[in-house]
Amino acid sequence: MNAAIRVFSKHGFDGAKMEYIAKEAGIGKGTVYEYFKSKYSLFEEILKYSVDQYRLGLKQSIDNGQTTEEKILNCSRFNTQFLNNHMDFVHIAMQVKILSEDIRHHHIAAQSVIIEYYKEMIKGAKDKGEVRSDLDEELAACCIIGTLDQFCKQRIFLDPRPLDDIDHQAIVDVVIRGLR
């Protein structure tokens, strides 16, 4: 799959050919077809894999924080790093207009799990008195996700700058003030 990601990133979806992917992977084209019936099915598997990697990395980012502030800070850093590392592929994924029902369901399921991670984080913060006790956990989770995603996309795609120049603490401060 890593070879396919490199080929899709270099040639785009339309320009990528199964023979290029096979060559990049050091295998025969027939071998690629043993695992994937088409370029499109390979692309969708990469999307699923990427979504799963994002979900797992985000969970680890939350788990590695002690306070809610640390958890959100970790998520901000992870989100930015992940998008930066997968920028070419993200651009290609945004160009593919029609995704199968399977990949849509997979993405929705992963998004639901991610929302649950954040809701659990907010519930724990409420229990520790780090945030308001009357906070709606789902609303807070969606606000955090939306804020971090938009901030990250702004800094990666619209106003590119070195990752070290991104002030993650500033965005966390804005989020935390709203939760308190």
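Trainee: Buried means under 20% relative accessible area, exposed over 50% and partly exposed in between (1.4 Å probe, protein chains only), and by that scale is tyrosine 54 buried or exposed?

Mentor: Tyrosine 54 is buried, at a relative accessible area of 17%. Keep in mind that this is a predicted model, in which local features need pLDDT of at least 70 and side-chain atom pairs count only at pLDDT 80 or more, while totals for chains, interfaces and linings use all residues. Residues are numbered from 1 along each chain as its sequence is written, and side-chain values use heavy atoms, without hydrogens and water.

Trainee: OK, how many aromatic pairs turn up in the whole structure?

Mentor: Searching the whole structure gives seven aromatic pairs, where rings of Phe, Tyr and Trp (its six-membered ring) pair if their centres lie within 6.5 Å, with planes under 30 degrees apart called stacked, over 60 edge-to-face and the rest tilted. One of them joins phenylalanine 13 to tyrosine 40, edge-to-face, with 6.1 Å from centre to centre and 90° between the planes.

Trainee: And which helices hold phenylalanine 13 and tyrosine 40?

Mentor: Phenylalanine 13 belongs to helix 1 (residues 2-15) and tyrosine 40 to helix 4 (residues 39-63), so this pair ties together parts that lie 27 residues apart in sequence. Helices here are DSSP runs (H or I, at least four residues), numbered from the N terminus.

Trainee: Which residues make up the aromatic cluster with Phe13?

Mentor: Phe8, Phe13, Tyr40 and Phe43 together form one aromatic cluster.

Trainee: Changing topic, where does arginine 55 sit, and is arginine 55 buried or exposed?

Mentor: Arginine 55 is placed in helix 4, and with a relative accessible area of 18% arginine 55 is buried.

Trainee: What is arginine 55 in contact with, beyond its sequence neighbours?

Mentor: Setting aside neighbours within four places in sequence, arginine 55 is in contact with Ala110, Val113, Ile114 and Tyr117, contact being heavy atoms within 4.5 Å.

Definitions and conventions:
Helices (H or I, at least four residues) and strands (E, at least two) are DSSP runs, numbered from the N terminus.
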